[in-house]
Amino acid sequence: MVVTAGLAWLTRQTSSPQNAHTNAAPLPLLVAPEDRDFGEVWEQDKFQWTFRVQNRSRRLLAVDRIVGSCQCTEISPTRFELAPGDVQVLTATINLMQPEWPEGVESVPIRIQWEPRLADGPIIPILWELQGRARRNPISVSTNFVDLDDRSQVPDPLAGFEIAVEVRDDLPQLQLRAESVPPQSAQLHLQRQERRRYLLTVVPSERLQPAERFELKVRVTGSHPSLPKGPLPHRDIT
């Protein structure tokens, strides 16, 4: 997935998003070089990355808004003032989920760009850019949604239902875990059937009210230096 700000005129005027200032003056708003690459992380819908922006100009800069190209990213804060030399810390929340994965592809490059807009001046010809890679979520489930009132799906809610879970990769020193949200909304039993296949048995609580919803989370726990950093992969079932 490549996310860009879609500003063709900016691309034509600049040779690099981080060096897109047309004057000889210092870049007015610069992302710290060490913050521009978040490395390889697991595919997830709310990956957060914190980066720093410095005012390298000689005047106070008031950012009024920050423009991106799609709704798959959010950034905070979107309005702030920076005195010369000061640094602002921003947090980007990025949806790294891929609509589909081609056979044999385990990770994809990610590039996200934003354009800061000043409150009291012309558009600054500069883009903030972050990049990295998203690694394919190794957990798959037979369904992401269960309707307890659908007898073709759940013949007897009190007897429970089963969900097949498969882990595509060998995850060293990691274990698979299932939990319900809120707690005590269901009894769960996760049993390993084969090397990478599990069966999750779910028995909803008798205290559940009609049309009351609860979630199941299947996640891996533990750590290993060979795995991507950040939150470990999981799958949600409603």
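Asp236 is partly exposed, at 29% relative accessibility (buried means under 20% relative accessible area, exposed over 50%, and partly exposed in between, with a 1.4 Å probe and protein chains only). The model is predicted, so local features need pLDDT of at least 70 and side-chain atom pairs count only at pLDDT 80 or more, while totals for chains, interfaces and linings use all residues. Residues are numbered from 1 along each chain as its sequence is written, and side-chain values use heavy atoms, with hydrogens and water left out.

**View A. Lys217 and Asp236 form a salt bridge.** A salt bridge is a side-chain nitrogen of Lys or Arg within 4 Å of a carboxyl oxygen of Asp or Glu. Here the N to O distance is 3.1 Å. The pair links distant parts of the chain, 19 residues apart: Lys217 lies in strand β15 (residues 215-221) and Asp236 in strand β16 (residues 234-237). Strands (E, at least two residues) are DSSP runs, numbered from the N terminus. Lys217 is buried, with a relative accessible area of 17%.

**View B. Glu34 and Arg52 meet through their side chains in a salt bridge.** Their N to O distance is 2.9 Å. This pair also joins distant parts of the chain, with Glu34 in the loop between β1 (29-31) and β2 (37-42) and Arg52 in strand β3 (residues 47-55). Glu34 is exposed, at 53% relative accessibility, whereas Arg52 is partly exposed, at 33%. Together with Asp35, these residues are linked in a network of salt bridges.

**View C. Arg177 and Glu179 form a salt bridge.** The closest N and O atoms are 3.8 Å apart. Glu179 is partly exposed, with a relative accessible area of 23%, and Arg177 is partly exposed at 46%.

Terms used. Helix = DSSP H or I, 4+ residues; strand = E, 2+ residues; numbered from the N terminus.
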